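User: I would like to learn how to read the interface in a two-chain model, and then how to judge the setting of a single residue. Could we begin with one contact and widen the view from there?

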Number of protein chains: 2
Amino acid sequence: MSVDRARLERHIAELSAIGGSGTGVTRLGLSPDEQRARDLVGSWLRGRGAVVRRDSAANIYGRLGGAGPAILVGSHLDSVPEGGRFDGALGVLCAVEAVEALLDDGLRFKRPVEVVGWCDEEGARFGIGLFGSCAAFGRLPDNAAARADQSGVAIAEALRAIGESGDPTTARRAFGDVAAYLELHIEQGPRLATAGIPLGVVSDIVGILHARVTVHGRQDHAGATIMTARADALAAAAEMVLAVEAAAAGLPDAVGTVGEISVRPGAKNVVPGECIFSLDLRARSEDTVEALARDVRAAIRRIGDARGTKSTIDVLSRVPAVPLDGSLRDLFLRSAQSVGVAAPELFSGAGHDAENAQLAGVPTGMLFVRSTGGSHNPNELATLDDAVLGATALAHALRELAG
Amino acid sequence: MSVDRARLERHIAELSAIGGSGTGVTRLGLSPDEQRARDLVGSWLRGRGAVVRRDSAANIYGRLGGAGPAILVGSHLDSVPEGGRFDGALGVLCAVEAVEALLDDGLRFKRPVEVVGWCDEEGARFGIGLFGSCAAFGRLPDNAAARADQSGVAIAEALRAIGESGDPTTARRAFGDVAAYLELHIEQGPRLATAGIPLGVVSDIVGILHARVTVHGRQDHAGATIMTARADALAAAAEMVLAVEAAAAGLPDAVGTVGEISVRPGAKNVVPGECIFSLDLRARSEDTVEALARDVRAAIRRIGDARGTKSTIDVLSRVPAVPLDGSLRDLFLRSAQSVGVAAPELFSGAGHDAENAQLAGVPTGMLFVRSTGGSHNPNELATLDDAVLGATALAHALRELAG
């Protein structure tokens, strides 16, 4: 398989430059930068004869081959704020490269292949993760288009600003339209790097609960209000943050994170009257996600009772734990073998667009590429060697399915 | 003493209307609204024969009587954003009323009396609290005029925009120029309201340490990073917030508040890499302020060591605890007695312009008026009855000192 190392390197650099500075990338979902990324990927695919289209959720597809159910391959094009070059992007880049390598080899696809760049996987601005693939596979929350960012701009407006209709629900793919979905993604955790292995095959994806907690206390003068007379919303939230941490640490294969926090009024000499924070609870099994959520709810109630604060918990999304397709897992194990890698099976602690496909009944497989420096930060790094291995294995799998 | 209840009520309404809506007032220091408030107060004083002037820090003075060291009486004219009608304003209104009542009674001042309206006590926009009285008593921080607001406008520019030179340091009063300073202010805490007593006499003003703490952790993916591999900046900060609370609760007459907090990058699916929060530490005695600061520093270090985070603490300001003048305290106790109130002695947990006068060697006394609904919010309320009692007691004290 003649993956073109120099072309892949050049494409990585070109895509990283959009929203990038140094090794960091800030390319938020539904932003003009994400739109530029789509345009770039679309130009590459069009250059190879693909029919390129965007749907109403701002996903981009580049299709090669004739009619009938397609093999879908890709990942997402957005990043978190101050994220890195590889999370999501590498999956699109390797999908493009795999297709180009197969075309370079003179392959004519017997089944259609579509390269996809999903829109707004991270949900950083509007709070709906996996936005584009949710739309494509009919898993958007109700009234998703009305969801607004912190400055009051709704998703519908953001879509219209980049030329879409404003109704992402029409992006839903027809049943039977997609024969399989393949996604390559950096691991985002240290297991492959620790084991010294460049590729891994995903067995299943964690279940996730995202929520917003609002703590109502009493705003008071920081100097004139004695400690025992306070109902400090931030102090209560601080206890809750630590309770989330403790609850997750006490359960198997579970994590819990508070990544956003804000207080009102937010002045150094005023006891906070309100505190809002995010909850991200995950576990490998559904039972554990539920147990973690129960523990956290109980802690929030207990802390509020003790401190005289009131809390509301708004569940923003709940994604079940998803086992991926067994035969595609085996295909990816063989594809990794074909590039000389004995890939381990791993579960994914991160949610992925792949889960929407699998949940919609589309057989789905995921390939992890080793990454150092964590993820969601400018230090995330998949080496060019590993990217070439990943693209080659992906091309191998594509040829098996569509060649 | 013939305090004019209707006139005081009218003046409260007229002043509250500047920057006001409902019971709320937003009249920021160095704003056009604060300037209008000065013009209104100046017109009242001019109408009673006072010589009215503004200094280069935009403080307003209205002077009655001849040459020599003056008895200064007043408070500040600005409010916090979304503040109330009484914090600061009531002290100026009652000073005007006390002087008018004495003039109505036919009193001729043997010593000069100056009513003062201090500029920008709250420091809401530029971050320098007690701005006007700092300028008058030589306690401005270095290069205060260059301090800019969030949109980059410097204090010097704001001063020039309202017709001043731009150099507030020239507002400094000559040594010996002020014989005494009297300030009436709402209590801002619940002690008088709880005790059911309309007036209190301030014994001393707390010392304050303001600082900014920055916690450096490691930004990581919220799903792929197991709990034991994290250096979560917010979780560390949460422990620190609780340590501030515990340290203050464990010391006499001390309070500690974290009123501002922010995290980076601030996304729900990213373990926070950095957290910045404010520290407001106060105590009645200097020794206790220092003990509180020591406890908090030690806790921040200990928590960082245990969690693998690094913290820096930037001290933004440090105001010493200030005992007020003993003979003026006794005078105010007698003045309260003259209106039938057995006023308790209280320490002030809030900073006040009065501390700048006392720290500059000017004998200073403060009278508290009961307020319900806290302070720094639209619910703060001193009743007209209590305001009349306060103005009458203040007039009594003024007659003793200058009559």
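Analyst: Let us start with one pair, bearing in mind that this is a predicted model. Arg264(B) and Glu82(A) form a salt bridge, in which the closest N and O atoms are 2.8 Å apart.

User: How many salt bridges does the rule find across the interface of chain B and chain A, and how many residue pairs are in polar contact there?

Analyst: The rule finds three salt bridges across this interface, and it also finds 15 residue pairs in polar contact, with both residues at pLDDT 80 or more. On chain B, the elements that each supply at least two residues to the side touching chain A include β12 (261-264) and β14 (274-283), while α7(B) gives the largest share, nine residues. By class, that side of chain B has 23 nonpolar, 17 polar and 11 charged residues.

User: What area do chain B and chain A bury between them?

Analyst: Together they bury about 4,400 Å², 60% of it on carbon and sulfur atoms. Of the area that chain B buries against chain A, 18% comes from His221(B), Met227(B) and Lys268(B), which is more than any other three residues supply. The contact involves 51 residues from chain B and 56 residues from chain A.

Technical notes. Residues are numbered from 1 along each chain as its sequence is written. Chains are lettered from A and ligands numbered from 1 in the order in which they are written. This is a predicted model: local features need pLDDT of at least 70, side-chain atom pairs count only at pLDDT 80 or more; totals for chains, interfaces and linings use all residues. Side-chain values use heavy atoms; hydrogens and water are left out. Contact means heavy atoms within 4.5 Å. Buried area is the accessible area (1.4 Å probe) that two parts lose on being put together, summed over both. A salt bridge is a side-chain nitrogen of Lys or Arg within 4 Å of a carboxyl oxygen of Asp or Glu. A polar contact is a pair of N or O atoms within 3.5 Å; within protein, one must be able to donate a hydrogen and the other to accept it, and residues adjacent in sequence count only if both atoms are side-chain atoms. Helices (H or I, at least four residues) and strands (E, at least two) are DSSP runs, numbered from the N terminus. Ala, Val, Leu, Ile, Met, Phe, Trp, Tyr, Cys and Pro count as nonpolar, Asp, Glu, Lys and Arg as charged, and the others, Gly among them, as polar.
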